[in-house]
Amino acid sequence: MVSGSHRRLAKLGAIAVSAAMLTACSSGTGSGKGGTDIRMLVNTTPVLTKQFYKDLVAPYVAAHPGVKVTIEAPTGKGVTDSLQQDLAAGRPPAIIAGGQNTQFADQMAPLPDEPWVKNAPFSQSSKLKGKVWMVGTGVQIQSLVFYNKAAFQKAGITDPPKTVDQYTADLRKLKTAGYTPLQTGGEWTTGSQFLMLANPNVMNTAPDWYAQRNKNAVSFADSNYAKYLDVYQSWIKQGLVPKDADGTKYQDMITDFTTGKSATMVMGSWLVASVDSAKPSFDVGVFPVPTFDGSEPPQASNPAMTYSVLKASNQQTAAMGLVKYLVSDKAAITTSLKAEGNFRTGYSYDASPLTDEVGKILDAAHGKVVAIGPGLGDNSAPAGFEDEINTQIQSLYLGTKPAAVAAAMDKWWTSNAPK
């Protein structure tokens, strides 16, 4: 395990996430005053626990007598399911933390035309119908391959692969060396990993691919998605991914990787915190997902730790005050960035060497970022896309042909695209 720490300026000098991504809208703001209970529905992870959020808002609560913040974890599959339940029950939370599903954009209060909104990463690209409905703390990148350096050395791999073909060849070498070549899993991770791998190879030439698909101008069957589906199933057939992946939980994936069972794992920058916490007995490195032609890939990226305020909440004004604090207070931002190894122009923190490697990958992308998961703003997939792609990718493990998956995704998208 690489030891030591240093100061890294999360400069993002080449990435257009500040001045070029500003927008304007209007809404009332203000801090909550006496007798206020602000309910926050948060997306929890192994790092972003309920306790993390309680600690994050504690300084704000201490500075605002009479204000209480109640942190609630999802009771359904995630934030989306829980929010649907709360709305149906007539008890909406005041704030959603971590939700980016445009399905609920109309339920959110417009954020104000103020610097704390304008200066937030991706504020322009995430707006819908001219409205900023979500604001993030930092920049999170997701098209990353974390790897066991000792495993690469044992397998005779001297340099990280640049092309998909090279990566496939390396996975074969890692299998021969006795490792699970690529750590995959079930739950939400199957489809997410596929998008992390594929999107830089699809959107490097069509950054607005989701928007184009909404207009029926492109298709899965005639894009690099189809090509990557073929590659992915070839990995399954060659035993380069676990055969029982569908039954593997996310935390077990992390354990298999950090204990040295698996040699590579595709995941977002938030994995750094889990790797550093596990203190593996080997050095961990990271490289950008390979491309078909070996070119430097754009990074699938999105705003990290997002917040939205519910229109239906009777604590809207107080909630605006808390959100403003979370995305503009220097200490709160720094704590949030450090938790998941995210970045923001002008902010630095004590970072591990692995975080530094991730930052260099982002710098090397020279500002080229593409959508991931549900997308952002007008370049968004229909509601339910992540669940559908997850189901379809998992079906590859059961023998479904890649062409059938591409056709199914095209059929689903056409049926669910916004009218």
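Helices (H or I, at least four residues) and strands (E, at least two) are DSSP runs, numbered from the N terminus.

A note on the source: this is a predicted model, where local features need pLDDT of at least 70, side-chain atom pairs count only at pLDDT 80 or more, and totals for chains, interfaces and linings use all residues. Residues are numbered from 1 along each chain as its sequence is written, and side-chain values use heavy atoms, with hydrogens and water left out.

Next I looked up H9 itself, residues 250-258: Tyr250, Met253, Ile254, Asp256, Phe257 and Thr258 are buried. Buried means under 20% relative accessible area, exposed over 50%, partly exposed in between (1.4 Å probe, protein chains only). These buried residues pack against S6, S7, H6, S8, H10 and S9, contact meaning heavy atoms within 4.5 Å.

Then I turned to S9 (residues 284-288), where five of five residues are buried. Val284, Val286 and Pro288 point one way, Gly285 and Phe287 the other. S9 runs antiparallel to S6 (residues 144-148), joined by five bridges; pairing takes at least two DSSP bridges. Leu144 has Pro288 as its bridge partner.

Last, the cores, meaning sets of buried Ala, Val, Leu, Ile, Met, Phe, Trp, Tyr and Cys residues joined through side-chain atoms within 4.5 Å. I found 95 residues in the largest nonpolar core, with Trp209 among those with the most contacts inside it. Helix H8 (residues 224-237) gives the largest share, seven residues. A second, separate core has 35 residues, including Phe52 and Val67.
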